[in-house]
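This briefing covers aromatic rings and the packing of helices. Please look at the sequence and the model before reading on.

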Amino acid sequence: MPKELAPAVVKEWLGLVSGSFDIKEIWADLGILTPAGRNHLRVILFRFEHDNPPSIVNLGNGKYRKVDNEKKPIDWQAANPDNWVPILLPFDLHVVAKIYPKSIIIVTGGKNDGKTSYLLETLKLNAGTLDMPVDLFNSETGPEQIKERLAPLHFPNPAPFNLYERYDNFADIIEPDHLSIIDYLDFNSELYLVGTEIDRIFRKLTTGVAIIGLQKPPPVKTLFKGQEKLIERDLAYGGAFTAKRAVLYVSLSFHKLKVVYCK
């Protein structure tokens with residue numbers, strides 16, 4: 001066991017990391033190579049975990065995270081309930097859904113059910129008229145096809161919005177005070193991550209709003225009184241986790257729009 005391995009050394013290492021970490025990272029950075037040294041490190045981490053107050057949380061399997069002691073006060077008495085964002089939505093959904101700053105809107109649909117059309121119409125209604133910058137993130141097509149899709153909307157040149165190619169990690173790049181339209185958020189087989197990414201986007205927002213397109217499963221075929229019926233699904237892949245942060249949840253299917261949630 002290296003002589004320099006002391007609680008103060010480990011505490012200094014912890015001061016250089018953020019969020020979660022693996023005990024193997026400490027082994028590598030501090031050169032802890034022997035079983036005795038690694039056992040001593042676990043003792044030190046155990047003490048940090050059970051200090052009063054604790055400085056780390058044991059996540060299991062050799063993973064830890066630093067305790068987050070930040071508490072951000074909310075000056076709710078100075079807030080103005082009339083400070084809502086005058087976003088316009090297709091089918092006049094803005095009449096029934098008051099959208100406040102730091103809001104998530106979910107638009108889900110199956111393949112060819114009109115998600116992109118709904119999102120582009122939302123873009124048309126707000127770009128150049130809303131008192132905040134508008135960003136469209138495209139993950140489906142190249143420049144030629146997106147130009148063809150946008151042509152019927154008759155935007156001027158230069159267009160009153162920003163268009164970006166983006167496929168994942170949207171929370172890393174969205175502007176917290178913009179209207180961000182994401183077409184669309186896709187995690188392939190890692191569906192459990194959809195809700196996490198939506199939550200990360202929500203936490204990134206300040207006065208802005210994010211409208212997120214999601215794919216939903218196809219209808220389920222079932223037999224009812226001897227007749228085959230199609231049961232439409234309301235929620236996107238990822239289920240209820242995709243709705244946790246939404247103030248408005250719109251589900252599209254063939255020739256039908258359903259407001260699943262509206263706060």
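**Aromatic rings and helix packing**

F91 counts as exposed, at 65% relative accessibility; exposed means over 50% relative accessible area, buried under 20% and partly exposed in between, with a 1.4 Å probe and protein chains only. The model is predicted, so local features need pLDDT of at least 70 and side-chain atom pairs count only at pLDDT 80 or more, while totals for chains, interfaces and linings use all residues. Residues are numbered from 1 along each chain as its sequence is written, and side-chain values use heavy atoms, leaving out hydrogens and water.

**Aromatic pairs**

- The structure holds seven aromatic pairs; rings of Phe, Tyr and Trp (its six-membered ring) pair if their centres lie within 6.5 Å, and planes under 30 degrees apart count as stacked, over 60 as edge-to-face and the rest as tilted.
- One of these pairs is F91 with Y118, which is stacked, at 6.4 Å centre to centre and 15° between the planes.
- F91 is in the loop between β3 (63–66) and β4 (103–109) and Y118 is in helix α4 (residues 115–126), so this pair ties together parts that are 27 residues apart in sequence; helices (H or I, at least four residues) and strands (E, at least two) are DSSP runs, numbered from the N terminus.
- Y118 has a relative accessible area of 6% and is buried.
- Y249 and Y261 make an edge-to-face pair, because their ring centres are 5.9 Å apart and their planes stand at 85°.
- Strand β11 (residues 246–253) holds Y249 and strand β12 (residues 256–262) holds Y261, so the pair ties together parts twelve residues apart in sequence.
- Y249 is buried at 0% relative accessibility, whereas Y261 is partly exposed at 39%.
- One aromatic cluster is formed by W13, F21 and Y64.

**Charges over rings**

- K102 lies over the face of F202, 4.6 Å from the ring centre; a charge sits over a ring if NZ of Lys or CZ of Arg is within 6 Å of the ring centre and within 35 degrees of the ring normal.
- K124 lies over the face of F155, at 5.1 Å from the ring centre.

**Helix packing**

- Helix α1 (residues 7–14) packs against helix α2 (residues 23–30) at an angle of about 110°, and their axes are 11 Å apart; axes are lines fitted to C-alpha atoms, for helices over the stretch in contact, and angles run from 0 to 180 degrees between N-to-C directions.
- α1 and α2 are therefore roughly perpendicular to each other, a term for angles of 65 to 115 degrees.
- Residues V9, V10 and W13 of α1 meet E25, I26, D29 and L30 of α2, where contact means heavy atoms within 4.5 Å.

Methods:
Angles under 35 degrees count as roughly parallel, over 145 as roughly antiparallel, 65 to 115 as roughly perpendicular and the rest as oblique.
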